[in-house]
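Hello,

Here is the structure I promised to pass on. Please open it first, then read my notes below.

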Amino acid sequence: MKRFILWDYPRAGWQYDLMVGLILAFIFLTPREWFRDQPRAGSIVMLPAEQQTNVYWLEPDLLLAVPEERRFANAAELLKAQKRLELVRLEPIFDSEQEIRGFMAYTRR
């Protein structure tokens, strides 16, 4: 067991090949539900909100390359392309290093 844990087998030995095979089998045959690995959400996601408004999360990649004065207009175009919504407010979301992690878009129905 000590040799197994410390990986103390010669590189061309059958024990080494067996260990590598077991590791590869674990990586490729383990169901992703075991690790709660789920696909990422879309780039625009609707969040729960109050009755008269809708709130959407926009990925930062959608608006970071756009100049700040054009962000509101571009966000409005993105939301209109999905649904016919009127953008009321757009707020950047910052992390602890003051980097933008996304945008919250508030719309009216």
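With which residue does Arg101 form a salt bridge, the closest N and O atoms being 3.3 Å apart? The partner is Glu99. A salt bridge here is a side-chain nitrogen of Lys or Arg within 4 Å of a carboxyl oxygen of Asp or Glu.

Two points before you go on. This is a predicted model, so local features need pLDDT of at least 70, side-chain atom pairs count only at pLDDT 80 or more, and totals for chains, interfaces and linings use all residues. Residues are numbered from 1 along each chain as its sequence is written, and side-chain values use heavy atoms, with hydrogens and water left out.

**Salt bridges**

The structure holds four salt bridges. Arg101 also forms one with Asp95, where the closest N and O atoms are 2.9 Å apart. The areas come from the Shrake-Rupley method with a 1.4 Å probe; for residues, only the protein chains shown count as cover. Asp95 counts as buried because its relative accessibility is 16%. Arg101 is partly exposed, at 44%. Glu99 is partly exposed too, at 43%.

Another salt bridge joins the side chains of Arg89 and Glu91, at 2.7 Å from N to O. Arg89 is partly exposed, with a relative accessible area of 41%. Glu91 is partly exposed, with 29%.

**The sheet**

Helices (H or I, at least four residues) and strands (E, at least two) are DSSP runs, numbered from the N terminus. Two strands pair if DSSP finds at least two bridges between them. Four strands form an open sheet in the order E1-E2-E4-E3, with antiparallel pairing. The edge strands are E1 and E3 (86-94), and each pairs on one side only. The twist averages 25 degrees from one strand to the next. Angles run from 0 to 180 degrees between N-to-C directions; axes are lines fitted to C-alpha atoms, for helices over the stretch in contact.

Now look at the pairs. E1 (residues 44-47) and E2 (residues 53-58) share four bridges. A hairpin of five residues joins E1 to E2. Val45 has Trp57 as its bridge partner in E2. Met46 has Tyr56 there. E2 and E4 (residues 100-108) run antiparallel, joined by six bridges. One partner to find is Thr107 in E4, which bridges to Asn54.

**Helices and surface**

Helix H4 lies across E1, E2, E3 and E4, and runs at about 115 degrees to E3. Contact means heavy atoms within 4.5 Å. Ala81 is found in H4 (residues 68-82). Is Ala81 buried or exposed? Ala81 is exposed, because its relative accessible area is 67%. Ala81 and Gln15 are 66 residues apart in sequence and 58 Å apart in space, C-alpha to C-alpha.

Helix H2 covers residues 14-29 and includes Ile27. Ile27 is exposed, with a relative accessible area of 51%. Ile27 also belongs to a nonpolar surface patch of about 1,100 Å², with Trp7, Val20 and Phe35 among the other members. Patches are made of residues with over 30% relative accessible area and no salt bridge: like charges are joined within 9 Å, nonpolar side chains (Val, Leu, Ile, Met, Phe, Trp, Tyr) within 5 Å.

Best wishes

Technical notes:
Buried means under 20% relative accessible area, exposed over 50%, partly exposed in between (1.4 Å probe, protein chains only).
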